[in-house]
Structures are given as structure tokens and as C-alpha cells.
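Q: I'm new to this one. Could you show me how to read its features, a step at a time?

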Amino acid sequence: YKARLVAKGFHQEAGLDYLETFSPVVKHTIVRVVLKVAASNGWSLRQLDVKNAFLHGVLHEEVYMAQPPGFQDPQYPNHVCKLHKAIYGLKQAPRAWFDTFTSQLLQLQFVQSSADHSLFIRSTGSSITYLLLYVDDIILTGNDTSFLHNLIQQLSSSFEMKDLGCLHYFLGIEVSSHSRGIFLHQSKYLSDLLHKASM
């Protein structure tokens, strides 16, 4: 059982409380291409999950909200809170998170792909790393395992995240690694569908 403070985003007005809300997510085609590159080169695939991703987003607009119920200041009951970081429920929370994460990657010498803004590439000398971002799910691969390990540590120091180890499941697709390559399937999705239909 968890409780979370959520903003009443439906009270926000476009142009006043927020400007942009769109946050890019990686395309399925790009995921398959990166998996193909990793499989043909024998690179390991790692998966990370960012905990409470939207809470990391830094706000660029001025956003005020009422004091949370049960946490009002008795001395200043009519005061409001000015938000510096996004919270769940805000219209711009996904965009703020994406911008914050992107700026962190750019500082780590990653380049944002023009083909897909959720694909980040770092190429220095013989080392190459690919990072795919889908909201709070991350896939990492590359030819430099020591850099991948350091990158995970660096990202974990900036954002609270969980290292899920080798890639097994992403966007409804199961990933099984074999000596001959990578096998993608949706067995779990199909069995859940059959179970739901009592078949």
C-alpha cells in the first residue's frame, strides 16, 4: 500500500500553467534495430527502471498548488506551494522528466539520434554505447562492458533506479538470449490473453 501526492492537472490551463507536454518515446522499429546490432555483435543487453521518474523532472514554468491535505501549515493556512520539480498529475511532468534525463545524458557525452529522439548514442574511440528510453524503462548495450557498468553507477547517483540485469521483457516483448542470437516472442502476452478469455 502506497500513498502519493498527485497534482490536480485538470485544473491547469494551457499557455498559463504549462507550454509543452509531449515527451518522445522510443519507436518499436528502433528497439528492433538496436537489438539486431547487439545480437550480431554479441553485446550484452541491460535493462534499468527509474523509480518515480516524473519526480526527477525540473520545472521551467512557475507552478503553484494548494498545500497538501493533512499537511497544511496552521500558521499560514492560505499560503500555497511553489513547485520546483514535477509531481505526478502535472500535464508537463513527462516532458520535464525527459528533458532532465536528456540533459544528464548530454553531459555524459551522449548524442541524441535525429532518427529517434529517445535513442542516445555515445561513441568515443573504439567504444560505442546505445541507450533507449521509454518513459522510465531503459535499455543499454554496447561493446564496452566496463563503461556500461560505470554509466549505470553514474545514472544511479543522479536518479533512483533499479538495475534489472539482462534484458528479458520490454514493452510486452519477451527477449530470450541464445548462443545463436536473440529470440523475441510474446508467449506471456498470449497466455495472459487466453487466460482472460478462459481458453
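Q: How many disulfides does the count come to?

A: A disulfide calls for two cysteine sulfur atoms within 2.5 Å of each other. In this predicted model, the count comes to 0 disulfides.

Q: On to helices. What span should helix 2 have, going by its residues?

A: Helix 2 covers residues 93-107, and at 1.5 Å a residue its 15 residues should span 21 Å. The C-alpha atoms at its ends are 22 Å apart, which agrees.

Q: Which residues of helix 2 are buried?

A: Here's the general idea: an α-helix has 3.6 residues a turn, so residues three or four places apart point the same way. As for helix 2, its buried residues include Ala93, Trp97, Phe101 and Leu105, and also Arg95 and Gln104. After helix 2 comes glutamine 109, which has a positive phi, near 70°.

Q: And the sheet: in what order do the strands sit?

A: The order is 9-10-11, in an open sheet of 3 strands with antiparallel pairing.

Q: Which residue is the bridge partner of valine 175?

A: Strand 10 (residues 173-178) pairs with strand 11 over 5 bridges, in the antiparallel sense. Valine 175 has leucine 184, in strand 11, as its bridge partner.

Definitions and conventions
Residues are numbered from 1 along each chain as its sequence is written. This is a predicted model: local features need pLDDT of at least 70, side-chain atom pairs count only at pLDDT 80 or more; totals for chains, interfaces and linings use all residues. Side-chain values use heavy atoms; hydrogens and water are left out. Two strands pair if DSSP finds at least two bridges between them. Helices (H or I, at least four residues) and strands (E, at least two) are DSSP runs, numbered from the N terminus. The expected span of a helix is 1.5 Å times one less than its number of residues. Buried means under 20% relative accessible area, exposed over 50%, partly exposed in between (1.4 Å probe, protein chains only).
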